[in-house]
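Hi,

Here is the structure I said I'd pass on. Have a look at it first, and my notes follow below.

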Amino acid sequence: MQASTTDDNRLTQKRIRIRIPKQYHQDPVISRLISDYNLTVNITAAILGGNANGDGWFDLELRGTITNIRRSLDYLNELDLEIWNDTETDGW
């Protein structure tokens, strides 16, 4: 069991793409990934109309522990956001 705990605290990076529907435009969804889950978030691409009438699409690099990234993905799933997993790499 100890090895699993150590593995879960290992730093990793995961790339995802998410769709944030219009009803969440006033919610700090990406900011919560940083503050609530202690992640470093890099927005590598984004599409969001100037008048924000439609959905927003974001390509994100999430950096942090495996545990915190898993918890942050659970949070995004609880919001019922579309998430496309891209890659996960060990280390920074």
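By contact I mean heavy atoms within 4.5 Å. Also keep in mind that this is a predicted model.

With that in hand, let's begin at Asn-68, which sits in helix 3. Leaving out residues up to four places away in sequence, Asn-68 touches Tyr-37, Asn-38 and Leu-39. Buried or exposed, then, for Asn-68? Buried, because its relative accessibility is 14% and the cut-off for buried is under 20%.

Now the overall layout. The chain has three helices and four strands, and from the N terminus they run α-β-α-β-β-α-β. Of its 92 residues, 35% are buried. The accessible surface is about 5,800 Å², with 45% of that belonging to carbon and sulfur atoms. If you take the contacts between residues at least 6 apart in sequence, 73% join residues at least 24 apart.

On to the core. The largest nonpolar core holds 19 residues, and Ile-20, Val-29, Leu-33, Leu-60, Leu-62 and Leu-76 have the most contacts inside it. At least two residues of this core come from each of strand 1 (11-20), helix 2 (29-35), strand 3 (56-65) and helix 3 (66-78). Helix 3 gives the most, with four residues. In soluble globular proteins, nonpolar side chains tend to be buried together.

Leu-76 is one to click on: apart from neighbours within four places in sequence, Leu-76 is in contact with Ile-16, Ile-18, Val-29, Leu-33, Leu-81 and Ile-83.

Cheers

Conventions. Residues are numbered from 1 along each chain as its sequence is written. This is a predicted model: local features need pLDDT of at least 70, side-chain atom pairs count only at pLDDT 80 or more; totals for chains, interfaces and linings use all residues. Side-chain values use heavy atoms; hydrogens and water are left out. A nonpolar core is a set of buried Ala, Val, Leu, Ile, Met, Phe, Trp, Tyr and Cys residues joined through side-chain atoms within 4.5 Å. Buried means under 20% relative accessible area, exposed over 50%, partly exposed in between (1.4 Å probe, protein chains only). Accessible areas come from the Shrake-Rupley method with a 1.4 Å probe; for residues, only the protein chains shown count as cover.
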